[in-house]
Amino acid sequence: MALPNGLAAAPAADEELGVLQQPLLLRRSQSNTTSQIAIVGSNPCPIESLDYDLIGFFNNLAVENIAGTKFVVTSNMMLAGKFMVAFLVFASSNLGLTLFASLITAFIAPEAAGSGIPEVKAYLNGVDAPAIFSLRTLLVKIIGSICAVSSSLNIGKAGPMVHTGACIAAILGQGGSKRYGLTWKWLCVFKNDRDRRDLVTCGSAAGIAAAFRAPVGGVLFALEEMASWWRSALLWRAFFTTAVVAIVLRALIDVCLRGECGLFGKGGLIMYDVTSENISYHLRDVPPVLLLAIVGGLLGGIYNFLLRKVLRLYNLVNKKGIFYTIILACIISISTSCLLFGLPWLASCRACPSDASEPCPTIGRSGNYKKFQCPPGYYNDLASLFFNTNDDAIKNLFSKDTDSEFHRSSMLTFFATCFFLSIFSYGIVAPTGLFVPVIVTGAAYGRFVGMLVGSNSNLNHGLFAVLGSASLLGGSMRITVSLCVIILELTNNLLLLPLIMLVLLISKTIADVFNENIYDIIMTAKGLPYLEGHAEPYMRQLTVSDVVTGPLQIFHGIEKVGNIFHILKHTGHNGFPVVDEPGFSASPVLFGLILRDHLISLLKMKAFSQNPTRLGPDAFLQFSADDFAKKGLGHGDKIEDIELTEEEMEMFIDLLPFTNTSPYTVVETMSLAKALILFREVGLRHLLVIPKVPDRVPIVGILTRHDFMPEHILNLYPSLVQSRWKRLRVRFPQLSIFI
């Protein structure tokens with residue numbers, strides 16, 4: 001059943017979804033990417049490993065070289081004393097990159113805006129938003145992400161990499177793209193929903209592995225955060241995929257270590273160095289870490305709260321048209337350039353340390369000691385953070401033996417700037433990610449805490465920066481196991497394992513008191529109907545018959561062509577019950593369920609007969625499996641494309657051979673909470689409700705995803721709002737003035 005906001009049901013999705021909130025998507029495609037159940041008897045291919053690492057390496061290579069060239073040119077002008085010209089070059093290059101990324105996103109593939117993780121997560125839960133895995137979305141995601149990240153916006157590439165990996169998997173899973181003539185017959189074995197869903201899961205794991213060179217963390221991220229259904233076979237397939245990514249990335253990095261990658265150097269794929277020899281922590285080091293975790297959880301809750309408000313504000317701008325969205329992106333770019341170039345002037349120059357591990361000051365390359373406007377022998381500590389890519393800033397913050405490198409005021413300024421810039425930069429019309437901005441913001445927060453603790457702890461400032469990143473990640477994203485492994489793979493330091501586990505658990509627990517995780521907030525803002533893995537307590541008070549709404553469209557076993565055409569044209573339902581009437585059976589019997597796409601295929605092939613007669617067992621001889629196979633990425637047939645004559649309208653179709661005769665059914669008195677668990681765990685699109693007594697119409701209604709959404713249920717029964725049990729949440733009524 002088609003969703004009013006343009007969404008379509010994925011393998012486990014529903015239909016007839018009411019608009020929950022005004023979505024933030026800038027443009028709605030009219031195509032319907034309704035997924036179909038796999039043809040009964042098909043043989044899913046067991047091979048699901050794909051190589052996604054080249055794009056990840058290309059992204060990092062492009063970002064480092066584009067951004068590096070920009071910083072080198074700007075620094076050379078500053079060395080020549082041309083500060084105003086340097087600012088104009090810096091700001092104009094940032095604006096040009098942002099403008100280009102925004103234009104191609106807004107006009108070519110608005111589905112590529114944002115990180116893409118909420119859309120992929122919703123798809124794996126059963127919701128297929130239009131064109132999120134199309135070829136144009138993939139291309140815009142890659143090019144737009146490179147330009148946006150290179151423009152010094154406080155955004156990351158990890159989220160877009162997850163979406164990129166999922167796009168590659170989805171396109172390969174449908175045998176390529178027929179629209180662009182890219183088809184591979186050997187991949188047609190993947191053209192069923194289970195394999196396509198597994199491929200997308202492997203693609204999302206590969207995206208994280210390619211972004212952070214964290215293969216195990218990528219698998220756990222897909223398991224913990226992305227996938228709604230998991231099975232043992234998928235575990236080793238995802239692990240094999242990320243292992244291939246790690247091996248090939250290692251080979252490509254060796255090429256860069258030989259100096260053949262331009263300004264990429266070691267690049268953002270190299271592990272952040274936080275190893276400190278002979279460092280151990282004791283019981284007295286735990287209280288500061290606990291305090292860091294608690295405050296990090298509070299900051300994470302505030303971060304999510306502010307991001308929700310900013311997304312609502314940007315939604316009002318998006319409603320005004322594409323011109324305003326482009327202007328908004330340009331304003332954010334100009335503001336960011338002014339802050340990055342202007343704030344370092346407030347910091348005082350610091351003398352280069354005599355025991356520096358690298359040349360000081362840094363000139364013409366990335367490093368810890370940026371000269372900026374300082375005289376020879378001095379460096380600007382704030383410019384070392386602002387005048388770098390996010391990857392280099394994280395390396396500087398995580399680096400060991402640099403406890404005296406940064407001043408407290410500089411670190412506090414950097415933290416506050418990154419905190420708010422990452423919030424305001426995310427919602428623009430461009431591919432943007434949240435992972436890296438949260439890491440760099442948390443690292444600044446953790447290093448500031450380390451400065452306050454000082455010599456009272458055995459942990460150096462770099463280790464505090466790692467713990468700060470963990471606390472803010474846990475407080476905003478509410479992920480524990482996978483984040484712990486990703487951070488360990490990033491830093492290559494097992495010393496911090498117990499402390500990182502403690503910080504993630506505490507920060508997540510504290511932040512859960514205030515609001516949901518950041519991806520759930522974005523999915524709600526975009527109107528993506530995500531089904532949680534648990535039922536709300538008030539659902540136990542209701543039965544499935546309490547939420548089933550009508551009218552219900554029913555087809556007979558042998559139906560007139562005109563009736564089918566009229567119903568398909570005037571309803572958006574994607575599933576219809578088929579009832580065998582007396583004359584062909586002793587009493588009305590629920591025969592099964594038939595999908596909209598299958599009906600359109602029958603109309604298109606004009607499988608009609610002059611008289612209402614059964615086709616018999618030879619009905620399938622005139623059809624092939626491809627006639628009813630899944631149409632790729634929203635390019636399926638539409639009822640508006642079917643042309644029928646008046647004579648054909650009076651003919652008949654025998655629907656019984658094409659009907660799913662074993663749909664999932666529940667009795668009308670079944671608990672709504674139990675039905676939700678069944679619906680989600682089995683991965684259903686339709687759940688048929690049958691009467692408790694046999695002397696009634698054999699079908700009461702159809703439950704879809706919409707019927708299980710809390711907004712729909714509470715709208716039907718407003719009295720449940722008062723009695724609705726919620727987890728303890730702290731509310732801020734005084735902040736309502738900012739809504």
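## A residue after α4

Which residue with a positive phi follows α4? S152 does, with phi near 70 degrees. A word on what you are looking at: this is a predicted model, in which local features need pLDDT of at least 70 and side-chain atom pairs count only at pLDDT 80 or more, while totals for chains, interfaces and linings use all residues. Residues are numbered from 1 along each chain as its sequence is written, and side-chain values use heavy atoms, with hydrogens and water left out.

## The chain as a whole

The secondary structure of the protein chain comes to 25 helices and 14 strands; helices (H or I, at least four residues) and strands (E, at least two) are DSSP runs, numbered from the N terminus. Of its 739 residues, 59% count as buried. Here buried means under 20% relative accessible area, exposed over 50%, and partly exposed in between, using a 1.4 Å probe and protein chains only.

Helix α4 (residues 135-150) has 16 residues, which should span 22 Å at 1.5 Å a residue, and its end C-alpha atoms are 23 Å apart, in agreement. The expected span is 1.5 Å times one less than the number of residues. Because 14 of those 16 residues are buried, α4 is largely enclosed by the rest of the structure. Helix α7 (residues 215-226) has 12 residues and reaches 15 Å between its first and last C-alpha, close to the expected 16 Å. Its buried residues include P215, V219, F221 and M226.

In the loop between α6 (193-212) and α7 sits R213. Its phi is near 50 degrees, a positive value in a residue other than glycine, and R213 is buried with a relative accessible area of 14%. F372 also has phi near 50 degrees; F372 lies in the loop between β5 (350-351) and β6 (378-379) and is buried at 7% relative accessibility.

## Nonpolar cores

A nonpolar core is a set of buried Ala, Val, Leu, Ile, Met, Phe, Trp, Tyr and Cys residues joined through side-chain atoms within 4.5 Å. The largest has 128 residues, of which F212, L397, F414, F435 and I500 touch the most other members. Helix α14 (residues 435-453) gives the largest share of this core, 12 residues. Leaving aside residues up to four places away in sequence, F435 touches A158, I208, F212, F221, L473, M477, L483 and Y519. A second, separate core of 24 residues includes I594, L599, I600 and I642.

Strands pair if DSSP finds at least two bridges between them. β12 (residues 665-667) and β13 (residues 687-690) pair in the parallel sense over 3 bridges, with T665 bridged to L688 of β13. Together with helix α22 (residues 672-682), β12 and β13 make a right-handed β-α-β unit: with the strands pointing away from the viewer, the path from the first strand over the helix to the second runs clockwise.

β13 also joins β14 (residues 701-703) through 3 bridges, and these two run antiparallel. The partner of L687 in β14 is L703.

## Annotated regions

The unreviewed UniProt entry places the feature "transmembrane region" at several stretches, including residues 322-347 and 494-514. UniProt positions are given in the numbering used here, feature names are shortened, and annotations may be inferred rather than shown by experiment. In the model, residues 322-347 are 81% helix and 0% strand, with end C-alpha atoms 39 Å apart. Residues 494-514 are 76% helix and 0% strand, with end C-alpha atoms 31 Å apart.

Note on methods. Contact = heavy atoms within 4.5 Å.
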